[in-house]
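Here's a quick walk through a two-chain model, written for someone who likes the cut-offs spelled out. Have a look at it first, then read on.

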Amino acid sequence: MVKRNSKPEIWDSSTVKSETLYQASFSTLTVWLKRSREDWYLASQRPDKETDPAPLSEVKGRKPRQDLNFSRWVVGQDVSTVQFVPAMPDRSIVVRPAVPLKVPAGKDALFFMSIPVWVRVMAQPPNGIILCELPSLILSNTWFGEPTSGELCYALRTRAMRSLEEIEKRPYTAICPVSIRNRAPKELNFERLCVRVEYLHVYRGRQRLWTNELEMRYQGDEHSSQVTIGKGAPKFAEDLEKVCEAREPVEKTLLKQSFSFLRSLTGF
Amino acid sequence: MFESIWAEIVGFFTPERFRTLVVILIVIVAGIVIIKILNTLTSRVTRRYLSQQYKMLIRKAIRYAGAVILLFIVLHLLGVKITALLGAAGIVGIAIGFASQTSMSNLISGLFMISEKPFEIGDVIKMETTVGIVLSIDLLSVKIRTFDNQYIRIPNEKLLGSELTTITRFPIRRMDINLGVAYKTDINHLKSVLQEIAAANPFCLDEPEPLIVFTKFGDSALEFLFGVWFYKTDFLNLKNSIMQEIKERFDREGIEIPFPHLSLYSGSVTDPMPIRIVKKPRSTP
């Protein structure tokens, strides 16, 4: 069992009293929760600016704001605990470095990417009932592949940090370590990378959320890039606890054409 | 009167005829059941491999072929000579063929269209001014449902001979927005504003990148084409959001969208234009 501070954290479970309004903040997402005798009411809101993260707490002496659109779930009387679970987004993410990266032939490089998680709202006991999933940050859509056949993904710009200290500690992001191994005889022009987040678990550490490690082995344009998902928790942090299973069963190796050098995508 | 009719009916149903009628009834019921079973089996087998359009075609082929076979069996049981009937059917067929040239043309067009497969059930198509979702593709016509919920039947011959657009053929599309801005506008600033609007809208695809083209020097505005890519199901979401975002952002940035002014004069058209005299501000020494 992982030791944590006595202070409740945003991803800890909380008991919810009846007829009481609660609020939790994930910096870019605020969740409002109210429980009646048998039903739960849930609303979310996106502040204009990032706020300080705050675990679920009672909103005393305040009525719910008029502009909140509550959804109602019929869960029964015995359900009294709520837990927010960090989950990976429901579609693959196309990551583009803010500054184009080049990896020379035969070289390896390790990057850390911050992926905004989805907040899965679960009511317990007896078994976790998934009430809804809310993206902590709404990512823009993007297309990976040819305009006639491809895949709808989310777009994410990354600074592709090389050391952990450079990455801001945000409650709504999970760090994905990506090792790129260039085994081609020429340099790798890393313009964009499709990360299949549906195959990644989410781990909770003392300070950050993590995903499995990814290893990309590039063997040239004419060969498929080999994508390997690391088994178990990443080795960059200690005492990691798996908090969310991957959406899809993790395959040992994914032979996917993850790198894209097709400039034609930007054409019309 | 009634007694004589009743006596004739009773006389008609001899044991032999009654047995034939029972056999026919059994054949019809069994035939219908077999056709239904065949249809269900085919649907299950082809569920994964064939498109909805082909499945529907196979179902109809089984139904009609089954009905024809059933009819021949019943006629045979009734003692009708099939060979003579087929001969007569040939002559009748020629006569019907001459009389139904349009239908035959539609039928052949339908066969061509099914083999060409320009669209599938569920696609959004546009023909001339009609836009709608394809409900069914039949041998004679295509049925579509318009967005205001009207049912339209388009003959296949017309579809084959006209320019047809399958709007949802490809997964992504580009929405072209024509913009006119005042001549005083800083073009570089305008381009960066448009790029920011596209980047901030989640329905607008990051890639392919939005297209910004300075199209022409208009009569009263600089004209631009702003093309943003979107996933085919996000059309309304994008249209509603991005138009509002352009207007709001332009207002904030002070980018003017010129529009034609209309002056109304009451009375004679030859009246002079009204002039307001303003004092020239004193210049500072």
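Chain B is split by its domain assignment into domain 1 (11-99), domain 2 (118-166) and domain 3 (172-253); these bounds come from an automatic or database domain assignment. Between domain 1 of chain B and domain 3 of chain B, the C-alpha centres are 60 Å apart.

Some housekeeping: this is a predicted model, where local features need pLDDT of at least 70 and side-chain atom pairs count only at pLDDT 80 or more, while totals for chains, interfaces and linings use all residues. Residues are numbered from 1 along each chain as its sequence is written, and chains are lettered from A and ligands numbered from 1 in the order in which they are written.

**Chain A**

Chain A has 23 strands and zero helices; helices (H or I, at least four residues) and strands (E, at least two) are DSSP runs, numbered from the N terminus. Of the 268 residues in chain A, 35% are buried (20 or more other C-beta atoms within 10 Å of a residue's own; exposed means 12 or fewer, partly exposed in between, with C-beta atoms placed from the backbone). Among the contacts in chain A with a separation of 6 or more, 76% join residues 24 or more positions apart; a contact has C-beta atoms, placed from the backbone, within 7 Å.

One open sheet of four strands runs β1-β7-β11-β12 (chain A), with antiparallel pairing, where pairing takes at least two DSSP bridges between two strands. Its edge strands are β1 (14-15) and β12 (129-135) of chain A, each pairing on one side only. β1(A) is joined to β7 (residues 81-87) of chain A by two antiparallel bridges, and Thr15(A) has Thr81(A) as its bridge partner there.

**Where the chains meet**

15 residues of chain A are in contact with 17 residues of chain B. On the side of chain A that touches chain B, β13 (141-145) and β14 (150-158) of chain A are the elements giving two or more residues. That side has eight nonpolar, seven polar and no charged residues (Ala, Val, Leu, Ile, Met, Phe, Trp, Tyr, Cys and Pro count as nonpolar, Asp, Glu, Lys and Arg as charged, and the others, Gly among them, as polar).

**Helix α5 and its surroundings in chain B**

Helix α5 (residues 101-116) of chain B has 16 residues and spans 22 Å from first C-alpha to last, close to the 22 Å expected at 1.5 Å a residue (1.5 Å times one less than the number of residues). Which of its residues are buried? They are Asn106(B), Ser109(B), Gly110(B) and Met113(B). These cover an arc of only 110° around the axis, so they sit on the same side of α5(B); the arc is that of the directions from the helix axis to the C-beta atoms. Gln101(B) and Ser115(B), on the other side, are exposed.

| Element | Residues |
|---|---|
| β3(B) | 141-146 |
| β4(B) | 151-155 |
| α6(B) | 156-161 |

β3(B) and β4(B) pair in the antiparallel sense over five bridges, with Ser141(B) opposite Pro155(B). Their hairpin has four residues between the strands, and Asn149(B) takes a positive phi near 65°. Lys117(B), which follows α5(B), also has a positive phi, near 55°.

**A buried isoleucine**

Ile125(B) lies in strand β1 (residues 124-127) of chain B. Ile125(B) counts as buried because 22 other C-beta atoms lie within 10 Å. Beyond its neighbours within four places in sequence, its contacts include Phe119(B), Val134(B), Ile144(B) and Leu164(B). Leu164(B) is 39 residues away along the chain, yet the two C-alpha atoms are separated by 7.1 Å.

Notes: Two residues are in contact if their C-beta atoms, placed from the backbone, lie within 7 Å.
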